[in-house]
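Please open the model in your viewer and keep the selection tool at hand. The stops below say what to select next and what is to be found there.

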Amino acid sequence: MINTAIIAGMVTQLVISLFVPIGLLLYFRKKKWLSWKPFGIGVLIFVLFSQVLEKALHVVMIDPSGTSLKWTDSVALFVLYATLAAGIFEEVGRYIGFRWMLKKHRDYKDGLSFGLGHGGIEAILIGVLGAVNAIVLASLIQSGAFDKMIAPTLPKEQAAFLKDMVLHTPFSMYVLGGLERVFAIAFHIAMSLVVLLGVRERKFRYVIYAILLHALVDTAPALYQAGVVANVWLIEAVVFLFAVAAFLFTREIRKKFESGGEG
């Protein structure tokens, strides 16, 4: 039997990951901060650069275990690669979006909308779909269908891993998974504004800043993935602090957008 608290955790992750982006969308619309084209381009850029191009490179570079590179066991190189890959693909994607696809959308609300589209679709693809997948697996395990229909089609170790993950991941981890998507949205909005500012002022170094900041925020999760840091609460605390800093930056940078013109 699957603990009801675990199911509640899965549902909580789903609700947070789905309704926070929707709530922000409605809030931005009410405040007249929503610009639909940048929102849509933000979604497109995330899917293309993060989920297609970056993941294609990961297939070439990262060992199937997901904890090291294929050609070396160096933890430092794995963390360096993982963090820079995320930063370069996503921030260069943002730059391309603003520079060539949104030439007439360079205002503060456009940066907010792009970041919400980018972070919102990430929340749905990772947080919502992850929770749905866990709920489906839990239902199959509960009914016995997993052992009869799914497990025989998978390698023994993979089937055992999936079943153990569903049975023993606690409620708190699912809640953290949902909250992490909220933290990520705050960060994506801030980085979208940094890159947009660079485009407005024709200063590519802002894109470099965004890449380095993105790599920095991803360092803690990469260390956890590599097994260097085992305390997930410490990792999430670091990510939370970055989210708070991103939120404060987003509020303060509005003045610069409203007081200055392009170039």
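Start by selecting E122, which is buried at a relative accessible area of 10%, where buried means under 20% relative accessible area, exposed means over 50%, and partly exposed is in between, all with a 1.4 Å probe and protein chains only. This is a predicted model, in which local features need pLDDT of at least 70, side-chain atom pairs count only at pLDDT 80 or more, and totals for chains, interfaces and linings use all residues. Residues are numbered from 1 along each chain as its sequence is written, and side-chain values use heavy atoms, with hydrogens and water left out.

R181 lies in helix 7 (residues 171–200) and E122 in helix 4 (residues 108–143), so the pair ties together parts that are 59 residues apart in sequence. Helices here are DSSP runs of H or I with at least four residues, strands are runs of E with at least two, and both are numbered from the N terminus.

Select K163 and D147 next, whose side chains meet in a salt bridge at 3.0 Å from N to O. K163 belongs to helix 6 (residues 156–168) and D147 to helix 5 (residues 145–150), so this pair ties together parts that are 16 residues apart in sequence. K163 is partly exposed at a relative accessible area of 25%, and D147 is also partly exposed, with 43%.

For a further pair, move to K255 and E252, which form a salt bridge with the closest N and O atoms 3.1 Å apart. These two residues are three apart in helix 9 (residues 232–259), and are thus separated by about one helical turn. K255 counts as exposed, with 54% relative accessibility. Salt bridges that share partners also join E122, E180 and R181 into one network, and the count of salt bridges comes to eight.

Now turn to a pair of packed helices. Two packed helices are described by the angle between their axes and the distance between the axes. Select helix 3 (residues 75–101) and helix 8 (residues 205–225), which pack at an angle of about 140° with their axes 7 Å apart. The axes are lines fitted to C-alpha atoms, for helices over the stretch in contact, and the angles run from 0 to 180 degrees between N-to-C directions. Helix 3 and helix 8 are therefore oblique to each other, given that angles under 35 degrees count as roughly parallel, over 145 as roughly antiparallel, 65 to 115 as roughly perpendicular and the rest as oblique.

While helix 8 is displayed, pick out A220, which is found in that helix and is buried, with a relative accessible area of 11%. A220 and V79 are 141 residues apart in sequence, and their C-alpha atoms are 9.1 Å apart in space.

Which residues of the largest nonpolar core touch the most other members? Of its 47 residues, they are F28, F98, L112, L193 and F257, where a nonpolar core is a set of buried Ala, Val, Leu, Ile, Met, Phe, Trp, Tyr and Cys residues joined through side-chain atoms within 4.5 Å. Among the elements that give two or more residues to this core are helix 1 (4–30) and helix 2 (36–61), while helix 7 gives the most, with 11 residues. Centre the view on L112, which is found in helix 4 and is buried at a relative accessible area of 3%. The C-alpha atoms of L112 and A190 are separated by 7.9 Å, although the two residues are 78 apart along the chain.

Most residues other than glycine have a negative phi. Select K32, in the loop between helix 1 and helix 2, where phi is near 65°, a positive value in a residue other than glycine; K32 counts as exposed, at 67% relative accessibility. Then select R202, in the loop between helix 7 and helix 8, which has a positive phi of about 55° although it is not a glycine, and which is exposed with a relative accessible area of 64%.

Terms used. Salt bridge = Lys/Arg side-chain N within 4 Å of Asp/Glu carboxyl O.
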